[in-house]
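Subject: Structure for your review

Dear colleague,

Please find below the structure that I am handing over to you. My notes on it follow directly after.

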Amino acid sequence: MPEGSWVNTDELDYAVIQAQHRVREIQTKLHRWANDDPQRRFDDLYNLVADPAFLLVAWDRVRGNKGARTAGIDGRTAYSVEAELGVEVFLDRVRSLLKDRTFRSVAVRERMIPKANGKLRRLGIPTVTDRVVQASLKLVLEPIFEADFLPCSYGFRPNRRAHDAVAETRFLAKHSYEWVVEGDITACFDEISHSSLMGRVRCRVGDKRVLALVKAFLKAGILSQDGASRDTHTGTPQGGILSPVLANIALSVLDEHIAGIAGGANSTPKQRFIRRRQGKANYRLVRYADDFLVMVSGTRDHAASMRAEVAEVLAPMGLRLSVEKTKITHIDEGLDFLGWRIQRHRKRGTTKHYVYTYPSKKALRSVMVKVKTLCRKSVNLPLPFLLHKLNPLLRGWCAYFRPGVSYATFQYLAHYTWWTVMRWARRKHRRITWKTVFRLYCDHARWPTSDKGRLFNPVTVGTTRYRYRGTAIPSPWPSKG
């Protein structure tokens, strides 16, 4: 697509396909150059951020995100921008602001989301314009920094998922890494040091205009729910498209440290074998965003010393380990990680011990509370509406926990959901018998059914085993060819 030209709105889908092809080609080159020269600092990236193809792909991602329905402090959503201005006019304005160096990021809108423990998580919602620029900036920066990120990091990275982190934890636990430091960083996204983060970004980016843009987003500020405006001196607000990449850049300091120490991932098998013979420990890190485990092949004392060492490594980035939540656990005791319970115990009917992964009690309680809440809120609504809300929730939860020893949990969830829906129906019709309730709301198998669908049954989800991919996870941008 020629620079500076936009196609008609009717041809937008075709234009997006063309733009994606162009962006993928440029990203592949950036990733290859970054792989070939680990010391290279990239200049003239700003023109890519303002490139029409990058902006169009960025808009497509912003428009296709669930957050497209949520407005920033200007009150405009992606849908309203599309209806009032049109995509061409909007992106032309954004590009002009970038080219003229008159683009200014504005404060994010604060939104407090309740957490499972009763506390609140702060989300920062940027304006649509800021989201598009952040998405374009991410398209440029991500392939460069992906060349430096280590295989032990799985969160918010292309072609990687939580199941990979759980599979590696299980694999390491089976191979003598039995002591685990369960890391918990206090308010990670809110406390990252801007100066330390920018120092790591400068190691790869030499374009001062891009550096200024990144810093502007970090310093944009927050408009709180009570209308007060606050400056942001630390952190990168959750909710921004660029935030996960910046958080991974900051936390990669931990990846590099654990991999580089004696007995870390960069050690050879022979070196690790000699250390075991000498009574010394070996270490591996498994990290998903700010949730991480330090796996220790050694003793509890080795794990305790590693916990103190991790705290020292994170301190220059402005991050602190939570004293209460950072625990040292043996794999036989079990640990919760990314919603899974990972524990070694004896296989029933044998004397052999295996490491099992199954849904944690906390994850099960969470989905049960959601099912109960939906039923209570929908007591005056028809069954098809309730099923429309429940089925995606149950289907998504079971899909996440399918690759594990989850069948017994699915049975329990199915039983709980059936009784919860039946009690919902009984509250709607307090003067009829259970027999009439079954006739009105269930099929011949006494499973809740309406003329528009059937309640999803978790028991019908077959469990499977997730294949451990190790370091063989492919990059979306080939480094050769």
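A search of the whole structure, which is a predicted model, finds one cavity of 30 Å³ or more. The volume of the largest cavity is about 140 Å³. Its lining is made up of 17 residues, and Val-108, Gln-134, Phe-217, Pro-237 and Ser-243 are the closest to its centre. Three helices, α6, α10 (208-218) and α11, each contribute at least two residues to the lining of this cavity. By residue class, the lining of the largest cavity comprises nine nonpolar, seven polar and one charged.

The second largest pocket

I turn next to the open space. The second largest pocket holds about 760 Å³. There are 28 residues in its lining, and those nearest the centre of the pocket are Asn-65, Lys-138, Gly-240, Ile-241 and Pro-244. Two or more lining residues come from each of α1 (12-36), α3 (52-64), β2 (120-125), α6 (128-146) and α11 (243-260). Of the elements, α6 gives the most to the lining of the second largest pocket, namely five residues. The lining of this pocket divides into 14 nonpolar, six polar and eight charged residues.

The nonpolar cores

In soluble globular proteins, nonpolar side chains tend to be buried together. In this model, the largest nonpolar core has 86 residues. Those with the most contacts inside this core are Leu-45, Trp-59, Leu-98, Val-132, Leu-137, Leu-197 and Val-310. Helix α6 provides the largest share of the core, 10 residues. With neighbours within four places in sequence left aside, Leu-98 is in contact with Tyr-46, Val-49, Ala-50, Leu-55, Phe-103 and Val-133. There is also a second, separate core of 50 residues, and Cys-398, Leu-413, Trp-447 and Phe-456 are included in it.

Three serines

Which residues does Ser-176 contact, once its neighbours within four places in sequence are left aside? They are Val-296 and Ser-297. With Ser-297 there is a polar contact between the two side chains, at 3.0 Å. Ser-176 is located in the loop between α7 (162-174) and β3 (179-184). Its relative accessible area is 31%, so Ser-176 is partly exposed. From Ser-176 to Met-295 the chain runs 119 residues, while their C-alpha atoms are separated by 9.3 Å.

Ser-80 belongs to helix α4 (residues 78-84). Is Ser-80 buried or exposed? Ser-80 counts as buried because its relative accessibility is 19%, and the limit for a buried residue is under 20%. A polar atom of the Ser-80 side chain lies 2.8 Å from the backbone oxygen of Thr-77. Between Ser-80 and Gly-264 there is a separation of 184 residues in sequence and of 51 Å in space, C-alpha to C-alpha.

Ser-450 is part of strand β12 (residues 449-450). With a relative accessible area of 17%, Ser-450 is buried. Leaving aside neighbours within four places in sequence, the contacts of Ser-450 are with Leu-383, Pro-384 and Leu-387.

Positive phi values

Asp-44 has a positive phi, near 55 degrees. Asp-44 sits in the loop between α1 and α2 (46-49) and is partly exposed, with a relative accessible area of 44%. Arg-101 also has a positive phi, near 60 degrees. The loop between α5 (87-99) and β1 (108-114) is where Arg-101 is found. At 44% relative accessibility, Arg-101 too is partly exposed.

With kind regards

Conventions. Residues numbered from 1 in each chain as written. Predicted model: local features only at pLDDT ≥ 70, side-chain atom pairs only at ≥ 80, totals over all residues. Heavy atoms only, no water. 1 Å grid on protein atoms, 1.4 Å probe; cavity = no way out; pocket = protein on both sides within 12 Å on 5 of 7 lines; lining within 4 Å. Points joined across faces, edges and corners; volume = space filled by probe spheres on them. Helix = DSSP H or I, 4+ residues; strand = E, 2+ residues; numbered from the N terminus. Nonpolar A, V, L, I, M, F, W, Y, C, P; charged D, E, K, R; others polar. Core = buried A, V, L, I, M, F, W, Y, C linked by side-chain atoms within 4.5 Å. Buried < 20%, exposed > 50% of the residue type's maximum accessible area, 1.4 Å probe, protein only. Contact = heavy atoms within 4.5 Å. Polar contact = N/O pair within 3.5 Å; in protein donor to acceptor, adjacent residues only side chain to side chain.
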